[in-house]
Amino acid sequence: MIAKETLLQAYRHMCLVNNMAVTYEQHRSICKYVHSTSRGHEAIQLATAYHLQPADYVSPYYRDESLLLGLGFSPYELMLQLLAKANDPFTGGREYYSHPNYSGPDKPTIIHQSSATGMQVIPTTGIAQGLQFREKYLPSTLRKNGDGSLPVVVCSLGDASITEGEVSEALQFAVLKQLPIIYLIQDNRWGISVCAEESRAMDAYEYAGGFYGMERSRINGSDFVESFHAMGKIVQSVRHNRRPHLVQANVPLLGHHTSGVRKEFYRSDADLDAHATRDPRILLRNYLLEHGAGEELILDLEHDAANTISEAFQLAIAAPEPDPAKVGEYIFVPTPVITESGIREPQGRDRIMMVDAALFAIREIMAQYPEAILYGQDVGKRLGGVFREAATLADQFGDHRVFNTAIQEAYIIGSTVGMSATGLKPIVEVQFGDYIYPGFNQLVTEISKSCYLTCGKFPVQALIRVPVGAYGGGGPYHSGCIETTLLSIKGIKVVYPSNAADMKGLMKAAFLDPNPVVMLEHKGLYWSKVPGTESARTVEPDENYILPLGKAAIVLPAFQLRVEEGDSCCVITYGMGVYWAKAAATALPGQVEVVDLRCLYPLDEDLVFETVKKHGKCLVLTEEQQNNSFAEALAARISQKCFRWLDAPVEVMGALNLPAVPMNTILESAMLPNAEKVRDRLMTMLEN
Ligand SMILES: Cc1ncc(C[n+]2csc(CCOP(=O)(O)OP(=O)(O)O)c2C)c(N)n1
């Protein structure tokens with residue numbers, strides 16, 4: 001039996017939702033930002049919300065306004081987001097209606113919610129992965145509910161979103177690891193105007209049948225009583241049994257797809273009529289009347305709901321607009337690492353290769369931070385990374401902290417959002433830069449925007465290691481550089497060390513940074529096997545050595561006399577470019593100053609501009625294809641900021657503008673810069 005108060009509360013919430021929808025429609029010019037309402041989906045959403053507790057996590061999608069009311073958010077709070085007002089409690093006016101995020105003691109946690117259909121499934125599965133880790137290995141740190149019960153995770157999405165490829169990566173991971181997560185699919189048989197018959201050969205329930213180990217249920221999501229009972233059992237079962245469960249809730253769609261995409265554009269009268277017969281509010285009203293609630297009580301509730309919404313709407317309209325001066329806030333949260341510390345060159349230590357510097361840094365990190373977890377393809381015990389960059393780590397720290405994943409770059413990258421939300425510190429690896437693209441969407445759509453769109457509530461702590469770069473015939477899919485593509489994303493940091501000491505210090509800083517950091521690791525420098533890269537091996541810095549992000553270094557100074565004579569130039573570069581530039585400079589003793597950027601975002605513009613101003617001549621050197629590269633963009637900024645000090649146009653040298661690095665080593669070197677090409681360019685620059 002469901003308590004009478006629960007039924008009346010559900011009816012009240014449904015009346016609020018109905019009045020909200022009517023009000024938004026009546027005031028379309030005021031409700032100018034696109035929004036969807038939950039009309040038709042109320043019963044399953046409320047039923048779900050009522051069973052959740054504060055230690056749980058939920059990822060609602062854009063049609064989950066009833067779920068939000070059910071969790072305890074007020075119509076006024078939701079309307080502040082509808083109208084993108086300053087006090088929108090979720091995003092401060094930055095994101096659409098019903099795109100919540102929340103962290104507090106009284107309600108389930110909600111991580112950042114994007115608008116991209118289905119893309120929340122990976123981050124949300126990452127939460128369940130994080131909870132499972134805490135439960136098994138750090139049990140005293142797992143937050144439980146007031147009644148001592150274990151937390152569950154709910155990921156809600158529409159039926160059309162389930163066909164997104166990334167959803168399958170998450171489901172696969174959830175069943176493989178038996179994560180405590182409920183996937184709630186609200187099936188209204190529409191994906192805007194694309195109907196079920198056009199988009200799928202099976203529904204979500206049938207699809208889940210292929211993921212062995214997934215419990216599944218199909219319920220009538222328009223019937224509150226059935227939904228409440230079913231969700232109660234399912235939530236309880238996941239709380240106790242700690243296994244994934246997919247729920248398909250069949251629901252009607254009563255409103256428009258969004259305020260902009262109107263139902264009459266593409267739905268027939270017959271379809272609309274059929275959906276209308278399953279209106280959850282009418283069904284619950286009838287149920288209440290049949291079970292003795294009394295017409296008067298119902299009318300009172302309806303009247304109250306109308307008044308509540310009308311008052312809330314007026315208040316929301318009157319609420320202040322956001323301050324445009326604050327538009328730049330919360331791209332990142334501050335990092336604690338701001339100064340270089342520890343000993344960079346301890347006495348009596350051996351020189352180490354860059355790949356070992358990375359390995360030793362991670363080893364020290366994992367020894368110090370039990371919440372640090374490393375995963376990716378082949379990083380586990382058997383191989384320890386295809387470059388042996390994680391060798392021995394699983395032996396030392398256990399398979400639960402260092403483990404292999406399937407080939408699922410989207411999951412590897414996107415799961416860090418959820419892991420980070422549970423307070424863990426994920427370090428993940430994409431095997432080659434050329435294979436980051438399947439994971440790129442998660443980086444752009446979820447990771448990079450989370451801090452900004454939650455006003456700093458959910459920065460994503462993620463250290464993403466990516467081997468890059470060409471050397472010795474790696475060929476078109478194992479040689480790529482990806483920094484320009486990465487740097488087009490705002491909201492992530494990009495580090496690119498060129499020697500062992502920097503690698504170790506920067507890896508530590510990247511790990512301690514509460515924001516997402518991509519660590520680009522040049523394979524040609526890993527072992528210093530490429531002639532001319534011997535100095536990538538350095539003395540190993542001590543355990544405390546940390547090098548803040550965003551500090552470039554002069555790795556080869558010019559002679560003061562040459563500078564004073566106006567007979568010098570500088571090369572601004574990073575990665576392999578550092579070695580090309582240093583080798584080229586041997587032909588021009590004292591005339592060339594080389595700056596190693598070490599970090600591409602944040603970028604040490606101060607040192608770059610200061611150096612360029614000193615020499616008046618500058619070459620920006622990169623291994624990437626030149627056109628539209630980061631290097632070109634930097635050259636343009638240098639030209640603008642240092643114009644009065646320049647004796648010549650800022651030069652750029654990069655690889656030829658080809659779609660890929662060809663495999664044959666003769667072709668490879670024809671494409672890439674090298675020391676000779678750089679030397680010739682510098683000589684020409686200095687002669688003019
Ligand atoms: C990745 C992505 N592609 C396309 C869209 C545009 N879009 C917004 S809603 C929607 C349909 C989603 O349907 P469904 O998941 O069934 O949810 P419903 O709106 O029916 O509740 C589409 C295609 C999007 N938001 N994200």
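This is a short walk through one predicted protein model, from its domains to one strand and then the ligand.

Okay, some ground rules before we start. Residue numbers begin at 1 along each chain, following the sequence as written. Since we're looking at a predicted model, local features need pLDDT of at least 70 and side-chain atom pairs count only at pLDDT 80 or more, while totals for chains, interfaces and linings use all residues.

So, the overall layout. The protein chain splits into domain 1 (4-322), domain 2 (351-539) and domain 3 (553-687), with bounds that come from an automatic or database domain assignment. Between domain 1 and domain 2, the C-alpha centres are 35 Å apart. Their contact takes in 30 residues of domain 1 and 28 residues of domain 2; contact here is two residues with C-beta atoms, placed from the backbone, within 7 Å.

Which elements give two or more residues to the domain 1 side? Those are α5 (121-137) and α6 (165-177), and α5 brings the largest share, 12 residues. Helices here are DSSP runs of H or I with at least four residues, strands are runs of E with at least two, and numbering goes from the N terminus. By class, that side has 12 nonpolar, 13 polar and five charged residues. For those classes, Ala, Val, Leu, Ile, Met, Phe, Trp, Tyr, Cys and Pro are nonpolar, Asp, Glu, Lys and Arg are charged, and the others, Gly among them, are polar.

Now let's zoom in on strand β11. Five of the five residues in β11 (425-429) are buried, so the strand is largely enclosed by the rest of the structure. Buried means 20 or more other C-beta atoms within 10 Å of the residue's own, with C-beta atoms placed from the backbone. Lys425, Ile427 and Glu429 cover one side, with Pro426 and Val428 on the other.

And the neighbours? Strand β9 (372-376) runs parallel to β11, joined by five bridges, and pairing takes at least two DSSP bridges. Gly376 sits opposite Glu429. Strand β12 (462-468) is also parallel to β11, through three bridges, and there Ile427 faces Leu463. From β11 the chain goes through helix α17 (437-453) to β12 in a right-handed β-α-β crossover, meaning that the path over the helix runs clockwise from the first strand to the second, with the strands pointing away from the viewer.

Last stop, the ligand. Of the 14 residues around the ligand, Thr117, Gly158, Ala160, Ser161 and Gly191 come nearest, where near means a C-beta atom, placed from the backbone, within 6 Å. Elements giving two or more residues to that shell are β2 (153-158) and β4 (190-191). The shell divides into five nonpolar, seven polar and two charged residues.

Key
Buried ≥ 20, exposed ≤ 12 C-beta atoms within 10 Å, placed from the backbone.
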